[in-house]
Structure formats: structure tokens, C-alpha cells
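Hi everyone, thanks for having me.

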Amino acid sequence: MIQFLNSQGILADVRVGDKKSLLMQMAAQAARITGIHERLVLDAVMQREKLGSTGVGKGVAIPHARLKNCPRVVGLFAQLHQPVAFDALDGQPVDLAFMLLSPEGAGADHLQALAAISRLLHDGTMADRLRGATSADAILALLTQENFAIAA
């Protein structure tokens with residue numbers, strides 16, 4: 001069972017034109033979930049992007065940040081209608097994004113969650129299923145399948 005992702009964190013068929021718009025939409029939803037102002041979320045994620053793109057390849061991005069007032073590890077997943085340029089490591093546009101937000105002190109938990117998300121999204125079968133899902137409920141069902149589930 002995924003411990004840091006719920007139905008509020010699933011964004012299906014997201015229609016954005018660029019990386020910043022995607023991150024802004026995800027930050028707005030993260031604000032609703034965490035109670036942290038969306039600007040603080042966006043600023044933290046953009047600061048991390050300045051260190052190097054979180055576009056990890058194969059159409060996948062894992063934007064992430066640690067936030068001072070984050071109550072717990074929180075995940076959001078976005079399935080994009082059309083891929084967007086993301087400065088990914090392989091130069092390919094991104095159509096699957098998993099945002100991970102953690103409390104400042106969640107060192108090991110944050111890294112373990114990132115590793116689990118990376119393994120999950122680099123599974124070609126899972127990525128294909130997520131791309132083909134037609135609703136937020138279908139995406140959540142895929143992400144919470146016992147065979148593929150991740151936990152913090």
C-alpha cells in the first residue's frame with residue numbers, strides 16, 4: 001500500500017504546455033493536501049530543479065523537495081495529456097511526473113521514497129499502464145497494486 005499517496009494526489013490527463021506550468025499545477029494541488037502555501041512548494045521544487053533536472057528519462061520526472069512545514073511525506077502523480085519538455089537527462093519530453101514532498105528532517109525516508117518511485121516508474125509495464133489509464137481512479141488503482149506498490 002502506498003503510504004504517501006491518495007486520491008487527492010492523482011492528476012489525470014493534465015493539460016499543460018511546459019514544465020513550469022506542470023510544476024505550478026502540482027504545487028497548487030500539494031498546497032491543498034499539505035496546507036503549505038503553493039508558492040512555497042513551487043519555490044522549493046524549482047530550487048531543486050536548478051541543481052539538475054529531475055526528468056530522469058523515458059518520459060518520467062520525479063520533482064521533489066524537502067519543506068520546513070511539511071507534515072509528512074506526500075506524493076502527487078500527474079499523467080499528462082501531451083508530453084512537455086523537461087530538460088530530462090535523455091532529452092525526451094515528460095508525460096509522467098511524480099512529485100515527492102518531505103519534511104526537512106526526513107532524510108532516509110525521503111531517499112527511500114525517491115528510490116522506490118524511480119523503480120516503479122522505470123518499470124516499462126507500469127509506465128505503459130499509467131499512460132493508458134483513463135481516470136484518476138484507474139491511476140490510483142495501478143499505483144496501489146500489491147505487485148507495484150511503494151511505501152515510505
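Predicted model: local features only at pLDDT ≥ 70, side-chain atom pairs only at ≥ 80, totals over all residues.

I'll talk about helix pairs, then the cores, then one alanine.

Residues are numbered from 1 along each chain as its sequence is written, and side-chain values use heavy atoms, with hydrogens and water left out.

When I say helix or strand, I mean a DSSP run (H or I, at least four residues, for helices; E, at least two, for strands), numbered from the N terminus.

Okay, helix H1 (residues 19-34) and helix H2 (residues 38-51). Their axes come within 8 Å and cross at roughly 135°. Axes here are lines fitted to C-alpha atoms, for helices over the stretch in contact, and angles run from 0 to 180 degrees between N-to-C directions. H1 and H2 are therefore oblique to each other; under 35 degrees would be roughly parallel, over 145 roughly antiparallel, 65 to 115 roughly perpendicular, and the rest is oblique.

Who touches whom? On the H1 side we have Lys19, Leu23 and Met24 among others, and on the H2 side residues including Glu38, Val41 and Leu42. Contact means heavy atoms within 4.5 Å.

Now compare helix H4 (residues 124-132) and helix H5 (residues 136-143), which pack at about 165° with axes 9 Å apart. That pair is therefore roughly antiparallel. Met126, Arg129 and Leu130 in H4 meet Ile139, Leu142 and Leu143 in H5.

On to the cores. A nonpolar core is a set of buried Ala, Val, Leu, Ile, Met, Phe, Trp, Tyr and Cys residues joined through side-chain atoms within 4.5 Å. Buried means under 20% relative accessible area, exposed over 50%, and partly exposed in between (1.4 Å probe, protein chains only). The largest core has 28 residues, and Leu22, Met26, Val41, Leu76, Ala78, Met99 and Leu101 touch the most other members. H1 gives the most to this core, with six residues.

Take methionine 99: leaving aside neighbours within four places in sequence, its contacts include Met26, Ala27, Val45 and Pro63. There's also a second, separate core of 23 residues, with Leu100 and Met126 among them.

Last, is alanine 108 buried or exposed? Alanine 108 sits in helix H3 (residues 107-121), and it is exposed, with a relative accessible area of 51%. Its C-alpha is 18 Å from that of leucine 120, 12 residues apart along the chain.

That's me done, thanks!
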